[in-house]
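Hi,

Here is the structure I promised to send over. Have a look through it first, and then read on for my notes.

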Amino acid sequence: MSLKEKITGLITTPIENEGFELVELKLAQYKKQHRLRVFVDSDHGVTIDDCVRLTKAIDPILEENNVFRYGYVIEVSSPGLDRPLQTARDFRRRIGERIRIQFIDPATPSLEGELVGADDRFLEIQTGDDLSKVDLVQVKWGKIIF
């Protein structure tokens, strides 16, 4: 088991118990110092206070389990608005926003419009007068258009 997998296993449940989803975990090392970047999201967004609370929940778990031999720094933050949308949950959070969809099949042109619906299987995207229903298994990723 890799260090990243071990950390993910240790912190996922405490993060979920606080009402958040672990979106991504990045681990870097410079000399003997580790930097753990934890990206979380929720249906109601992520505040600075949430990040502080989650850091305080994660830190003792890492200490108790002697995850790092030497020093480490934890950074908890939201994944940011420019992060690719990939899961059904990602898309549901962005209903009402303008998005661009890139398909897995490179021959299929990207689709841009307002995301008006999303469930575990399909996305509904309004492009002008047309409503497109897209199967999520065909989607490589989506991006919010600013």
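Predicted model: local features only at pLDDT ≥ 70, side-chain atom pairs only at ≥ 80, totals over all residues.

The protein chain holds three helices and eight strands, and if you walk along the sequence they come in the pattern α-β-β-α-β-α-β-β-β-β-β. The C-alpha trace spans about 60 × 30 × 25 Å along its principal axes.

How much of the chain is buried? Of its 146 residues, 34% count as buried. As for the surface, the chain exposes about 9000 Å², with carbon and sulfur atoms supplying 48% of that. On the charge side, there are 21 positive and 25 negative side chains, and the centres of the two sets lie 8 Å apart. Looking at contacts with a separation of 6 or more, 49% come from residues 24 or more positions apart.

Five strands make up an open sheet, in the order 7-6-5-4-8, with antiparallel pairing. Strand 7 (130-135) and strand 8 (139-144) sit at the edges with a single partner strand each, so one side of each has no neighbour in the sheet. On average, neighbouring strands here are turned by 45 degrees against each other, ignoring direction.

Cheers

How values were computed:
Residues numbered from 1 in each chain as written. Heavy atoms only, no water. Pairing = 2+ DSSP bridges. Helix = DSSP H or I, 4+ residues; strand = E, 2+ residues; numbered from the N terminus. Axes fitted to C-alpha atoms, helices over the stretch in contact; angles between N-to-C directions. Buried < 20%, exposed > 50% of the residue type's maximum accessible area, 1.4 Å probe, protein only. Contact = heavy atoms within 4.5 Å. Areas by Shrake-Rupley, 256 points an atom, 1.4 Å probe, with all protein chains shown as cover. Lys, Arg positive; Asp, Glu negative; His and termini not counted. Charge placed at Lys NZ, Arg CZ, Asp CG, Glu CD.
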